[in-house]
Amino acid sequence: MIHADNLTKIYGRFIATSNVSFHIPRGEVVCFLGPNGAGKSTTMKMLTGFLAPTSGRAKIAGFDMASSRVEAAKRLGYLPENGPLYPDMTPESLLKFFAELRKIPRNKRAERIDAVVDICELASVYRRPIGRLSRGYRQRVGMAQALLHNPDVVIMDEPTAGLDPNQIQHARDTIKKIGQTKTVLLSTHILQEARAVASRVVFISDGHIVFDGGITEFGNSIDDFDAKFRELTANRIERYLPYGKTRV
């Protein structure tokens with residue numbers, strides 16, 4: 001459902017990502033883990049079509065992001081780290097607006113809105129201005145928007161960043177619900193996040209994939225996770241091209 005094939009992104013001489021490859025089958029929840037600045041968000045943007053790779057290919061549900069982006073987008077729900085929400089709108093008006101943009105049939109819009117309001121537990125703030133909601137509730141609104149068209153694939157970039165412990169727990173519970181029926185990729189640099197929601201970890205460091213395996217391979221405790229994280233980030237990788245070179 002998600003295919004990253006040798007995704008490379010270069011800015012000038014800086015190598016943001018280099019030959020990033022991984023495949024995620026239907027129905028799997030995968031955590032894209034790595035330190036800050038490792039290339040997680042860049043990879044997410046290439047997978048979702050918001051950023052064109054320097055080389056390589058991204059496919060969602062079998063559709064190439066370069067040649068069939070519209071078809072791929074129909075099957076993709078994307079929650080960026082700072083999702084675009086309109087503070088003067090309410091969750092109700094925002095979801096109705098996106099339902100129209102997504103061309104959800106009129107006779108199914110109410111049903112889909114009710115479904116995501118239930119999944120994301122938005123009923124208590126449904127008609128309150130988004131600008132007056134807590135960060136946790138704003139994140140729920142973003143998740144609801146990403147799920148509105150019932151996509152097969154959901155990609156989330158740092159979905160719990162800046163949330164308090166109660167809000168983090170709710171976000172985790174929501175991700176687990178989503179993962180029961182959809183393929184989910186979420187990025188984070190927080191080890192506990194991976195343990196809480198994912199069955200598999202893809203680890204990126206200095207723009208390169210350095211680990212791809214089951215969550216249990218990271219160990220059974222936070223100390224084990226910390227040790228593995230340090231091990232995978234210990235050897236720094238050169239991220240600048242020689243002068244005059246434009247390809248990895």
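Buried means under 20% relative accessible area, exposed means over 50%, and partly exposed is what falls in between, using a 1.4 Å probe and protein chains only. Everything below comes from a predicted model, where local features need pLDDT of at least 70, side-chain atom pairs count only at pLDDT 80 or more, and totals for chains, interfaces and linings use all residues. Residues are numbered from 1 along each chain as its sequence is written, and side-chain values use heavy atoms, with hydrogens and water left out.

**View 1. E71 and K74 pair up in helix α2.** Side chains of opposite charge can pair when their charged atoms come close. Here a salt bridge (a side-chain nitrogen of Lys or Arg within 4 Å of a carboxyl oxygen of Asp or Glu) links E71 to K74, with 3.0 Å between the closest N and O atoms. Both sit in helix α2, residues 69-74, and because they are 3 residues apart, about one helical turn separates them. Helices (H or I, at least four residues) and strands (E, at least two) are DSSP runs, numbered from the N terminus. E71 is partly exposed at 29% relative accessible area, and K74 is partly exposed too, at 47%. By the salt-bridge rule, the count comes to 12.

View 2. Elsewhere, salt bridges that share partners join E28, R200 and D212 into one network.

**View 3. E121 and K177 bridge two parts of the chain.** The N to O distance in this salt bridge is 3.9 Å. E121 is in the loop between α4 (106-119) and α5, while K177 is in helix α6 (residues 165-179), so the pair ties together parts that are 56 residues apart in sequence. Both ends are partly exposed: E121 at 41% relative accessibility and K177 at 34%.

**View 4. R140 is buried with no salt bridge.** Look for R140 in helix α5, residues 135-147. Which side chain of opposite charge is nearest to R140? That would be E121, 4.2 Å away. For charge, Lys and Arg count as positive and Asp and Glu as negative, while His and the chain ends are not counted. Leaving aside neighbours within four places in sequence, R140 is in contact (heavy atoms within 4.5 Å) with C120, E121, L122 and H170.

**View 5. T90 sits in a loop and is buried.** The loop in question runs between β6 (76-79) and α3 (91-101). T90 has a relative accessible area of 15%. Not counting residues up to four places away in sequence, T90 touches Y126, R127, R128, P129 and I130. T90 and V141 are 51 residues apart in sequence, and their C-alpha atoms are 9.4 Å apart in space.

**View 6. N6 and D206 have positive phi values.** N6, a residue other than glycine, has a phi near 55°. You'll find N6 in strand β1, residues 2-11, and it is partly exposed at 41%. D206, also not a glycine, has a phi near 50°. D206 is in the loop between β9 (200-205) and β10 (208-214), and at 5% relative accessibility it is buried.

**View 7. The largest pocket is lined by 19 residues.** On a 1 Å grid over the protein atoms alone, a pocket is an open set of points with protein on both sides within 12 Å along at least five of seven lines, a cavity is a set where a 1.4 Å probe fits but cannot get out, and lining residues have an atom within 4 Å of a point. Grid points are joined across faces, edges and corners, and a volume is the space filled by probe spheres set on the points. The largest pocket has a volume of about 570 Å³. Nearest its centre lie A73, L76, R102, Q145 and H149. The elements giving two or more residues to this lining are α2, β6, α3 and α5, and α2 gives the largest share, 4 residues. The lining divides into 12 nonpolar, 4 polar and 3 charged residues. In these classes, Ala, Val, Leu, Ile, Met, Phe, Trp, Tyr, Cys and Pro are nonpolar, Asp, Glu, Lys and Arg are charged, and the others, Gly among them, are polar.

**View 8. The structure holds 1 cavity of 30 Å³ or more.** About 40 Å³ of space lies in the largest cavity. Its lining is made by L79, G83, P84, L85, G142 and Q145, with 3 nonpolar, 3 polar and no charged residues.
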